[in-house]
Amino acid sequence: MAHETATLAAYVADLEFADIPPEVLERAKVLTLDFLGSTIRARRDAESTPSLLKMLEALALDGKGEATVFGDSKTWTPAVAALLNGALGHSLDFDDTHADSSLHPSAPVVPAAFAVGEMVGASGRDVLTAIVAGYEVCCRLGNALDPTSHYARGFHPTATAGTYGAAAAAGKLFGLSKDQIISAFGVSGSQAAGSLQFLVNGAWNKRYQVGAAAMNGVIAATLARNNFVGSTESVEGKHGLLVGYSDDAHPDKAVASLGRTYETLKIGVKPYPSCRYTHAALDALIAMRREHNLTPDQIKRVEIGLHRNGITLTGDAATKRHPTSIVGGQFSMFFTGALALDQGRFGWDDYARLGDAAVNALADKFDVVQDDRLEIGRTHPFGARVSITTDDGVHERLYADPSGEPDTFPDAQAMQQKFLTLARPVLNGRADQLADAILSLERFDRVEKATQLGRQ
């Protein structure tokens with residue numbers, strides 16, 4: 001162990017806007033915009049949203065504040081805004097992913113940064129700096145936890161490591177010292193939680209626990225700002241995150257090349273609103289359908305090979321083959337694969353086909369297996385092997401990377417179009433204004449001048 005908690009805290013405290021390479025700042029803006037598209041659409045469309053709002057009303061937590069919930073018409077208190085934006089932004093499962101840590105960095109970090117940024121009257125530059133700090137902390141902790149081991153213990157890394165990322169972003173905007181950020185991380189260690197049990201019945205826990213990570217990060221940083229003493233060594237300590245949440249931790253990965261290598265540039269984006277472990281297979285299925293002019297009646301069998309993490313999340317046939325809920329569909333290689341093969345595309349509105357007889361019939365032809373070729377010598381676990389058997393023979397593809405990873409990151413126009421497709425049905429013409437504002441966030445002397453464009 002090498003004092004990882006203190007090293008990360010010092011990095012966050014000392015980071016300045018001018019220290020961050022331009023390409024990292026540009027990527028942070030695009031990732032933020034991408035996340036907000038999902039947040040805005042989920043405010044209107046996600047089936048779990050009414051329950052969240054009714055809970056806040058029942059507990060008298062729906063009082064007016066000054067913080068924006070994107071796609072909502074009212075303003076909220078900072079902690080609640082972080083909760084809602086985090087939960088909403090993760091509800092479509094269309095938000096960004098960091099392959100090495102297997103987590104969604106924007107979902108806990110961006111809501112915390114905007115909530116505190118509006119609270120303290122921060123500039124766009126301040127908020128961008130905080131977002132990068134949060135990305136670096138949560139991605140590095142996810143790397144250190146080792147996602148395969150973390151998943152095997154039943155944890156959801158976006159909610160666990162994400163709490164620290166949210167605290168880093170909030171703490172940066174509060175201007176906390178190194179010691180205060182150590183305390184914020186100490187509180188985060190007591191709040192870092194997120195269970196994979198949601199996979200059993202397509203539950204909404206995954207959405208909520210990510211929003212809770214954003215809120216808990218804000219709370220942890222606010223406690224530290226007010227001289228609350230949090231535990232030290234909460235990452236590497238005897239009862240810290242790496243010991244309690246992983247059987248194969250790699251502490252060195254938390255701080256390796258910190259400040260020189262930016263994990264932010266390794267964050268990918270999703271072309272499909274489903275678990276990232278399905279995406280390489282979906283890319284392959286859509287390409288093979290087009291190349292071979294395949295129709296469902298020609299297909300005899302489809303075999304999808306995945307990394308073991310993909311099996312854990314999307315490949316258990318007993319619960320995944322015919323999902324009946326959106327969460328179940330988001331984490332079903334069978335449903336998403338059959339849908340993509342049936343129609344040659346897959347978007348958020350296609351969840352209307354849950355229970356569709358034609359999709360279920362095609363899903364019955366799928367087998368999902370662990371493929372060791374996707375585990376040995378690979379830099380990350382998101383690849384897939386697809387084998388389609390027809391009367392004409394067997395067609396096979398191995399996709400090491402899904403589209404949207406750093407090497408195939410979409411251009412600015414494609415990213416803006418994805419955002420507008422999600423946001424325009426809710427915000428109408430204001431969606432274009434918000435996109436322009438987020439992509440030029442560093443020009444705003446007060447971030448609220450940009451965020452208010454995201455209110456319905």
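The model is a predicted one. Tyr351 also has a relative accessibility of 6%, so Tyr351 is classed as buried. Phe346 and Tyr351 belong to one aromatic cluster, together with Tyr272, Phe335 and Trp348.

The number of aromatic pairs comes to nine. In one of them, Tyr272 and Phe346, the ring centres lie 6.3 Å apart and the planes are at 15 degrees; an angle under 30 degrees makes the pair stacked, so this is a stacked pair. The partners come from distant parts of the chain, 74 residues apart. Tyr272 sits in the loop between strand E4 (267–268) and helix H12 (279–292), while Phe346 sits in the loop between helix H16 (333–343) and helix H17 (357–363). Tyr272 and Phe346 are both buried. Phe346 also pairs with Tyr351: here the ring centres are 5.5 Å apart and the planes stand at 70 degrees, so the arrangement is edge-to-face.

## Helix H5 and its two partners

Helix H5 (residues 106–120) packs with helix H10 (residues 205–225), the two axes coming within 8 Å and crossing at roughly 45 degrees. At that angle H5 and H10 are therefore oblique to each other. Their crossing is right-handed. On the H5 side the contact is made by Ala107, Pro108, Pro111, Ala112, Val116, Met119 and Val120, and on the H10 side by Val210, Ala213, Ala214, Val218 and Arg225. Sorted by class, the contact of H5 with H10 has 11 nonpolar residues, no polar residues and one charged residue.

Helix H4 (residues 78–91) packs with H5 as well, at an angle of about 150 degrees and with the axes 8 Å apart. An angle over 145 degrees counts as roughly antiparallel, so H4 is roughly antiparallel to H5. The crossing of H4 and H5 is right-handed. H4 contributes Pro78, Ala82, Asn85, Gly86 and His90 to this contact, and H5 contributes Ala107, Pro111, Ala112, Ala115 and Met119. By class, the contact of H4 with H5 has seven nonpolar, three polar and no charged residues. Among the H5 residues, Ala107, Pro111, Ala112 and Met119 take part in the contact with H10 and also in the contact with H4.

## Packing of H6 and H8

Helix H6 (residues 124–145) and helix H8 (residues 157–174) have axes that come within 7 Å and cross at roughly 155 degrees. H6 is therefore roughly antiparallel to H8. H6 passes H8 with right-handed geometry.

The H6 side of the contact consists of Asp126, Val127, Thr129, Ala130, Ala133, Gly134, Val137, Cys138, Leu141, Gly142 and Leu145. These meet Thr160, Ala161, Gly162, Tyr164, Gly165, Ala168, Ala169, Lys172 and Leu173 of H8. The contact of H6 with H8 divides into 12 nonpolar, six polar and two charged residues.

## Surroundings of Ser101

Ser101 is located in the loop between strand E3 (97–98) and H5. Its relative accessibility is 0%, so Ser101 counts as buried. Leaving aside residues up to four places away in sequence, Ser101 touches Cys139, Gly142, Asn143, Pro147 and Pro157. One of these, Gly142, is also among the H6 residues that meet H8.

## Two residues with positive phi

Most residues other than glycine have a negative phi. Glu233 has a positive phi, near 50 degrees. Glu233 lies in the loop between H10 and helix H11 (241–244). With 41% relative accessibility, Glu233 is counted as partly exposed, because the value falls between the 20% and 50% limits.

Ser257 likewise has a positive phi, in this case near 55 degrees. The loop that holds Ser257 runs between H11 and E4. At 28% relative accessibility, Ser257 is therefore also in the partly exposed class.

Methods: Residues numbered from 1 in each chain as written. Predicted model: local features only at pLDDT ≥ 70, side-chain atom pairs only at ≥ 80, totals over all residues. Heavy atoms only, no water. Axes fitted to C-alpha atoms, helices over the stretch in contact; angles between N-to-C directions. Helix = DSSP H or I, 4+ residues; strand = E, 2+ residues; numbered from the N terminus. Parallel < 35°, antiparallel > 145°, perpendicular 65-115°, else oblique. Left-handed = near helix turned anticlockwise from the far one by under 90°. Contact = heavy atoms within 4.5 Å. Nonpolar A, V, L, I, M, F, W, Y, C, P; charged D, E, K, R; others polar. Phe/Tyr/Trp six-rings, centres within 6.5 Å; stacked < 30°, edge-to-face > 60°. Buried < 20%, exposed > 50% of the residue type's maximum accessible area, 1.4 Å probe, protein only.
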